[in-house]
Every structure is written in C-alpha cells, then in structure tokens.
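This report is written for a reader who is meeting the structure for the first time. Please look over the sequence and the model before reading on.

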Amino acid sequence: MSVFNLYAAYYDLLYRDKDYAQETDYVAGLIAETSRPPRELLELGCGTGGHAVQFAERGIQVHGIDLSADMVQRASDRIGRARTALEALPSFEQGDVRSYRANRTFDAVVSLFHVASYQTSNADQDELFGTARAHLCAAGVFVFDFWYGPAVLTDRPRHVTKQAEDEHIEVSRETTPTMFVNDNCVDVRFDVHVRSKSDQRSQRIVENHRMRYLFLPEIEQRLGASRFRLLRAYAWMSRLPLSDRSWYGCVVAQAC
Ligand SMILES: C[S@@+](CC[C@H](N)C(=O)[O-])C[C@H]1O[C@@H](n2cnc3c(N)ncnc32)[C@H](O)[C@@H]1O
C-alpha cells in the first residue's frame, strides 16, 4: 500500500501554505518557452490535485494519476467543489508512474513536488521517464522537479517539526531523516500526531518516505536512454542555474 494512503487525510492541511498557483504559473511558463501552450497535460503523481485545479483555471486540461487511491479521491473531491469555476475539468485515476499507459499522447507531461525523487531505484527512474516519453510525441515537453544531490549533501536533511490546524483537527508532524549515502537516498520518517478538536481523541501515524537525490549527469543519461533531450535545469521556482544551495531542482526535457 502507498504510504500516502494514510497521509492523504492530513496532506492538504500540512501543505496549505504551498503556493500551487505560483508553481503552476512557473511550470506553464517553462513549457511555453519550448512549445505551444499545452491544451492537454498528463500529471504523473498528481496527489490531491493542487496543481491540476490551477492548470484547469488556466484552461489546461489535466489527466492526473497517483499511486494512492486516497489522494486520487481527494483530487476528485476538490474538483467536485471547484467545478463551476473551472475552464477545463481535470480527470484522475489511480496508477503507478512507473508502468501507467493511457495509450494516447498529451501536449506535455509534468511530475511535481518530488514525485521523481520518490522513484528510488535506477529501474524506477527509468520507468518514470519511460512513462513520460510514452505519452508524448516528438518535441513534446516533460517538466519535473527533484531533490538535487549536491545541495542535499552540502546542507544535509535535519530533524524538523511542523504544526497545522483547522476548525476540526490539530496536526503535529516530526520529520527525522536518515541518510543512505551509498544509495543516494534519505529515509524520511514522519511521525504524525492528530488530535480531534471536538472530542480530543488523538491518533498517531508513523510513515517512512524513502527519497532519492539526483545528480544532473545521471538525469541527462537516463533521459537520453528514454529518448529525451535535457534542455534546461534550474533551481526550483527560478531561472537560476542549479548549485549546491538548490535543494530542489527542476528539469525541462524534450522528447526526441
Ligand atoms: C509529495 S506528493 C506530491 C503530490 C502532488 N504532485 C503535489 O504537488 O501536491 C508525492 C506524490 O507522489 C505519489 N507517488 C509516489 N510514487 C508514485 C508512483 N510510483 N506512482 C504514482 N504516484 C506516486 C504519491 O502517492 C504522492 O501523491
């Protein structure tokens, strides 16, 4: 089972300050630098549809897939609530980014908020890129972000605590990382405490999210093996080059 099935219930609350609108403008801008503005877009690892709804508001129709049935359900619920305001209704489906095949192509493919880093083995990475390529015609654009190796090794992951609440619950999440430097991976242990405000009942959820940090030469080699050309690589949410200070990287690749 995907670790995200349990986590889904608290995901939107924990990330409610994440600026999906600004990120969507950024990604749409990256795509537009290379090709016509997309009309139909495949999102690999769509989560609860935070970007999909923003793309929809910009007239871009998203088909989103995610491993977690709960995430997909929450994405569909989000669209149900917003549907009258949307120009292009997104659709969602449970699926694995390593093996999913829609048997059709899209104008662009995106995979956002570290989905690529959730693919922790070499085979997983190749399969993710293979899935992206299978849904693009030649010259189609693929944009994804990832944990950038040089920055992760320079400024190593730390123990952090995050709190959030809404009118129903209080959530507190402790994050404890463990590095596996020979695998280019970090085990991120989430210890989540949730307290209901109405009856004071509480629940504890412990999850391990294994993340892979990536380096540009391996990304370029893997993209090439899947018939992509790496066009540009940036520090996330900027047009700055990657450096050992950019924890999150972003790549624009073109199908060839
Ligand atoms: C940090 S969340 C990002 C979700 C969404 N893109 C966002 O920006 O909110 C990572 C997502 O990747 C999904 N995921 C991880 N591995 C996957 C796989 N192999 N196939 C499909 N989804 C996957 C998880 O279920 C989760 O929803």
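## A75 and its surroundings

A75 touches G47, T48, G49 and F92, when residues up to four places away in sequence are not counted. The model is a predicted one, and in it A75 has its place in helix α4, which covers residues 69-82.

A75 counts as buried because its relative accessibility is 0%, and buried means under 20%. A75 and P90 are 15 residues apart in sequence, while their C-alpha atoms are 9.2 Å apart in space.

S68 is found in the loop between strand β2, residues 61-66, and helix α4. With a relative accessibility of 0%, S68 counts as buried. A polar atom of the S68 side chain lies 3.0 Å from the backbone nitrogen of M71.

## The ligand and its shell

The ligand is surrounded by 22 residues, of which the closest are Y11, Y20, G45, D66 and L112. Sorted by class, this shell holds eleven nonpolar, seven polar and four charged residues.

For Y20, an N or O atom of the side chain is 2.6 Å from an oxygen atom of the ligand, and for H51, a polar side-chain atom lies 3.3 Å from an oxygen atom of the ligand. In the case of D96, a polar side-chain atom lies 3.0 Å from a nitrogen atom of the ligand. On its own the ligand has 590 Å² of accessible area, and the protein covers 96% of that area.

## The nonpolar cores

The largest nonpolar core has 27 residues, and those with the most contacts inside it are F142, F144, F146, L223 and V251. Two or more residues of this core come from each of the strands β1 (40-44), β4 (106-111), β5 (136-148), β10 (228-235) and β11 (248-255), and likewise from each of the helices α5 (122-134) and α7 (216-225). Strand β5 gives the largest share of this core, namely five residues.

F146, one of the residues with the most contacts inside the largest core, is in contact with A116, S117, L214, I219, L242, W247, Y248, G249, C250 and V251, leaving aside its neighbours within four places in sequence.

Terms used. Residues are numbered from 1 along each chain as its sequence is written. This is a predicted model: local features need pLDDT of at least 70, side-chain atom pairs count only at pLDDT 80 or more; totals for chains, interfaces and linings use all residues. Side-chain values use heavy atoms; hydrogens and water are left out. A residue is near a molecule or strand if one of its heavy atoms lies within 4 Å of it. A polar contact is a pair of N or O atoms within 3.5 Å; within protein, one must be able to donate a hydrogen and the other to accept it, and residues adjacent in sequence count only if both atoms are side-chain atoms. Accessible areas come from the Shrake-Rupley method with a 1.4 Å probe; for residues, only the protein chains shown count as cover. Ala, Val, Leu, Ile, Met, Phe, Trp, Tyr, Cys and Pro count as nonpolar, Asp, Glu, Lys and Arg as charged, and the others, Gly among them, as polar. Helices (H or I, at least four residues) and strands (E, at least two) are DSSP runs, numbered from the N terminus. Buried means under 20% relative accessible area, exposed over 50%, partly exposed in between (1.4 Å probe, protein chains only). Contact means heavy atoms within 4.5 Å. A nonpolar core is a set of buried Ala, Val, Leu, Ile, Met, Phe, Trp, Tyr and Cys residues joined through side-chain atoms within 4.5 Å.
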